[in-house]
Amino acid sequence: ALRMYGLDTAGIVFVTRCTAFERLLIPQPGYVISTFFHPDHADALAFEPWTPVPGRKLWISRSRLGDGALGTFTNETALEALLDERGWAIVHPQTLTFAEQIRLFASAEVIGGIEGSALHSIVHVGNFRGALRIVPRTPAQRLNSRNYELIARTKALRQQVFGGRIEQISGQG
């Protein structure tokens, strides 16, 4: 995975056992969940440049995550059928490698989906200027995580949140 970022792994030593150091320097974090995202860190994480295919719209699906997954919608497959009719490509990220997911994100003019961690992969696309559209998965009609806004603000994303009537029918998520 480090090679995707253009790092030469030859000089990297992975610590796999208890190790004593005479001097250890630990930098300030470039990302703190829901709190801080340094622009230089965002740039460093972006290993795939945005090269949009005209008209490409991706729906990042949660419909095949299974019964145990939190935050699934009972009617998402019906929604996906409507999106498919309107030219959206339906993507199941769990069926793709990490690099394949990022290449797909980088090729899209519009990325949409129900709130979920797969949408955070936009951080790995450099200079993304397409649209990111997110459907919250709570009855409160807002996103559960402040990470989406933090990422959008740091990367200057055109992000829209589309709240609507959601009825929780089971479980906590």
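Strand β6 (residues 110–114) runs parallel to β8, and five bridges join the two. This is a predicted model, in which local features need pLDDT of at least 70 and side-chain atom pairs count only at pLDDT 80 or more, while totals for chains, interfaces and linings use all residues. Residues are numbered from 1 along each chain as its sequence is written, and side-chain values use heavy atoms, with hydrogens and water left out.

**The sheet**

- Zooming in on that pairing, Gly 112 has Arg 133 of β8 as its bridge partner.

**Helix α4**

- Which residues of α4 are buried? They are Asn 147, Tyr 148, Leu 150, Ile 151, Ala 152 and Lys 155, where buried means under 20% relative accessible area, exposed over 50%, and partly exposed in between (1.4 Å probe, protein chains only).
- Those buried residues pack against β1, β2 (36–37), α1 (39–45), β7 (125–126), β8 and β9.

**Two loop residues**

- Arg 142 belongs to the loop between β8 (131–135) and α4 (147–155).
- Setting aside neighbours within four places in sequence, Arg 142 is in contact (heavy atoms within 4.5 Å) with Glu 115 and Pro 136.
- Arg 142 and Gly 164 are 22 residues apart in sequence, and their C-alpha atoms are 9.3 Å apart in space.
- Ser 121 is in the loop between β6 and β7, and it counts as buried because its relative accessibility is 10%.
- Beyond neighbours within four places in sequence, Ser 121 is in contact with Gln 101, Ile 102 and Phe 105.

**A nonpolar patch**

- Val 15, Phe 21, Leu 24 and Ile 26 make a nonpolar surface patch of about 450 Å².
- Patch residues have over 30% relative accessible area and no salt bridge, with nonpolar side chains joined within 5 Å and like charges within 9 Å; a salt bridge is a side-chain nitrogen of Lys or Arg within 4 Å of a carboxyl oxygen of Asp or Glu.
- Ile 26 lies in the segment before β1 (31–32) and is exposed, at 68% relative accessible area.

Methods: Accessible areas come from the Shrake-Rupley method with a 1.4 Å probe; for residues, only the protein chains shown count as cover. Helices (H or I, at least four residues) and strands (E, at least two) are DSSP runs, numbered from the N terminus. Two strands pair if DSSP finds at least two bridges between them.
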